[in-house]
Amino acid sequence: MTTSEGEQGGGGAGAEQQVTAEGGAQRPEARLEQAVRAAEQALIEFEIAVDTFRIEVENFSRLHEQRLGPMYLRLEELDARILEAKADRTGDPEDRRLAEDARSRLLPIPSVEQLLNGWMDGDGLFPEAAAMLTDQPVRTPERVRPSEEARKLYRDLARKAHPDLAQEEPERRRREEFITRVNAAYARGSEAELRELTEEWAAGPKPKEQAPSAVDELYARLEWLAQRKELLTLVAKELEEGAIGSMLRLAPDDPDGLLEEIAEQLRAQVTEREAELAALQG
């Protein structure tokens, strides 16, 4: 609005200044409040990304151990036996020391109870164990990561129910308990559970509207958000640089295929070791 337009309107500059003040543009904490809200949303998105990757790493680690653990143990056993066979042939004290070191690194022979752990419970053998003992095809392992629909449901819930959106401690605790259940359902890849949780959250108590914060509280909030992001950055780095995280990042779109590729390589190594051992024993 120009000066002449203001004069013609009869309101004058004072009317324009009043509107500006009422609109909140001149409030000293207005821009700070916007910065806090933006930082909160950015942190929530970052936490969602970190939690998503953490769950994928945990699932990949579980399947990695389930499918490849026995092959790694077989390779270690063959390596120890090869060194022992070489020591028997040469009689060299150094060869004997190497063989003993390799044998000492192997896990002790498990007891019957340990062998059955994870294969049966009070109701009897698990389906996978029964299939192996009866020479039936073993059920295909679960996918490393939840479906796209489960991922979408999880992200929507995390954005709505995130504890950082709470201003009061009781509400924060309620959200933390709820998000714990959301994480568990997502880790299981259960779309049905996530849909039920979505309905539960929609039917639950509505959060109170946030009252305008004082400037000192806003600065304290920004500082807390910055510290939280710094901590999450360290968590994300640890996940990414870990052995499982590094493997998962090699094939983010097909982690199941990566497991099968590694399994094929391990099977080839087992075959080579077995042939080497047979030659030494022969």
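Okay, let's start where two helices meet: F53, E56, V57, F60, S61 and H64 in helix 3 are in contact with I244, G245, M247, L248 and R249 in helix 11. Sort the residues of that contact and you get six nonpolar, three polar and two charged. Just so everyone knows, this is a predicted model.

How do the two helices sit against each other? Helix 3 and helix 11 pack at about 100°, and their axes are 9 Å apart. Since angles from 65 to 115 degrees count as roughly perpendicular, that's the word for helix 3 and helix 11.

Now, the inside. The largest nonpolar core has 31 residues, and the ones touching the most other members are V57, F60, L68, M247, L258, I262 and L266. Helix 3, helix 10, helix 11 and helix 12 each give two or more residues to this core, with helix 3 supplying the largest share, 14 residues. Take L258 as an example: leaving out residues up to four places away in sequence, L258 touches F60, M247, L250 and A251. There's also a second, separate core, with 17 residues, including I55, L153, V182 and Y186.

Is R221 buried or exposed? R221 has 15% relative accessibility, so it counts as buried, the cut-off being under 20%. And what does R221 touch? Again skipping residues up to four places away in sequence, we find V36, E40, D164, Q167 and R172. With D164 there's a polar contact too: the R221 side chain reaches the backbone oxygen of D164 at 2.4 Å.

That's my tour, thanks.

Methods
Residues numbered from 1 in each chain as written. Predicted model: local features only at pLDDT ≥ 70, side-chain atom pairs only at ≥ 80, totals over all residues. Heavy atoms only, no water. Core = buried A, V, L, I, M, F, W, Y, C linked by side-chain atoms within 4.5 Å. Buried < 20%, exposed > 50% of the residue type's maximum accessible area, 1.4 Å probe, protein only. Helix = DSSP H or I, 4+ residues; strand = E, 2+ residues; numbered from the N terminus. Contact = heavy atoms within 4.5 Å. Polar contact = N/O pair within 3.5 Å; in protein donor to acceptor, adjacent residues only side chain to side chain. Axes fitted to C-alpha atoms, helices over the stretch in contact; angles between N-to-C directions. Parallel < 35°, antiparallel > 145°, perpendicular 65-115°, else oblique. Nonpolar A, V, L, I, M, F, W, Y, C, P; charged D, E, K, R; others polar.
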